[in-house]
Every structure is written in C-alpha cells, then in structure tokens.
Amino acid sequence: MTRRLHAEHNKKLCQKLLEDKNFNDWVVTTAFYSAIHFTQHQIFPLEVGEDEFESLSAYYNSLDPKTRKSKHEEQYKLIKNHIKSIHAHYKLLMDASSTARYNSYFVTEAKAKDARLKLTLIEAAITKA
C-alpha cells in the first residue's frame with residue numbers, strides 16, 4: 001500500500017468519526033496519522049547528499065542515535081525543511097494527538113473540527129501524485 005493510499009484511508013475514518021460526534025479524540029488522532037502519511041508521501045524518496053532514503057524509517061536509522069529525536073520529531077524537522085507551508089498545522093496536529101492519546105481523551109467538537117481542517121490544509125499542500 002502506498003503512503004498516499006494509507007493517508008486517504010485514515011482521512012476517511014477521520015471524517016466518519018467527526019460525523020459520529022462521539023470520538024473526538026480519535027478524530028484528532030486519525031487526522032494526525034493521515035497527515036503523517038501524506039507528508040511522507042511528499043518527502044520520500046529523499047536525497048541527502050549522495051544518499052537516498054525510501055522511507056522515514058530508513059532515514060531515521062541513518063541518524064546518529066545519540067542526537068536524534070523521536071521519529072515524530074525527526075519527521076517534523078523534515079516537514080519544516082521540505083513542506084514549509086504546513087509545518088505549523090502539522091505541529092499542532094502532532095501535539096493535539098499526543099494530548100488526546102496520552103493525557104486526556106476528552107476533546108471538544110471544535111478541536112476535532114480544527115484538526116480535520118488542518119488535515120485538509122496539509123493535504124492541499126501535497127503536490128506529488
């Protein structure tokens with residue numbers, strides 16, 4: 001399955017959950033995971049000097065384990081460098097998803113709608129077919 005198809009799959013679930021109005025924490029989480037796949041689709045394969053990386057995992061594994069951050073943080077750095085126009089939206093989704101998953105599953109409908117909007121803006125910035 002391609003990253004773009006994975007992103008579309010997560011986006012469909014995000015929309016269904018938003019319409020259901022009972023699982024706003026999962027709206028935020030599925031919006032973020034959809035954004036992960038849309039942005040990876042745009043960035044990879046990635047050339048760094050003479051090296052080419054087919055995936056985030058391959059890129060991440062090439063980084064110095066002593067200085068690298070989490071995969072989410074390293075992906076965010078790549079987004080800041082390669083898809084600058086959406087990095088703020090991505091960061092807000094990343095943080096909101098982390099909060100919904102680990103701190104408080106109570107997410108307002110307004111925050112769920114905002115997460116879905118940010119996903120729409122991220123998807124619009126993806127230019128690769």
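Okay, let's start with lysine 21: at 52% relative accessibility, this residue counts as exposed, since anything over 50% gets that label. Bear in mind that we're looking at a predicted model.

So who does lysine 21 pair with? Its side chain meets that of glutamate 109 in a salt bridge, 3.7 Å from N to O. What I like here is the reach along the chain. Lysine 21 sits in the loop between helix 1 (3-20) and helix 2 (24-43), while glutamate 109 is in helix 6, and the two are 88 residues apart. Glutamate 109, at 31% relative accessibility, is partly exposed.

Glutamate 109 also forms a salt bridge with lysine 113, where the closest N and O atoms are 3.3 Å apart. That one is local: both residues lie in helix 6, four residues apart, about one turn of the helix. Lysine 113 is partly exposed too, at 47%.

Now, the largest pocket. Its volume is about 210 Å³, and 13 residues line it, with Val28, Leu92, Ala96, Val107 and Lys111 nearest the centre. Helix 5 gives the most to that lining, five residues. By type, the lining splits into eight nonpolar, two polar and three charged residues.

Key
Residues numbered from 1 in each chain as written. Predicted model: local features only at pLDDT ≥ 70, side-chain atom pairs only at ≥ 80, totals over all residues. Heavy atoms only, no water. 1 Å grid on protein atoms, 1.4 Å probe; cavity = no way out; pocket = protein on both sides within 12 Å on 5 of 7 lines; lining within 4 Å. Points joined across faces, edges and corners; volume = space filled by probe spheres on them. Nonpolar A, V, L, I, M, F, W, Y, C, P; charged D, E, K, R; others polar. Salt bridge = Lys/Arg side-chain N within 4 Å of Asp/Glu carboxyl O. Buried < 20%, exposed > 50% of the residue type's maximum accessible area, 1.4 Å probe, protein only.
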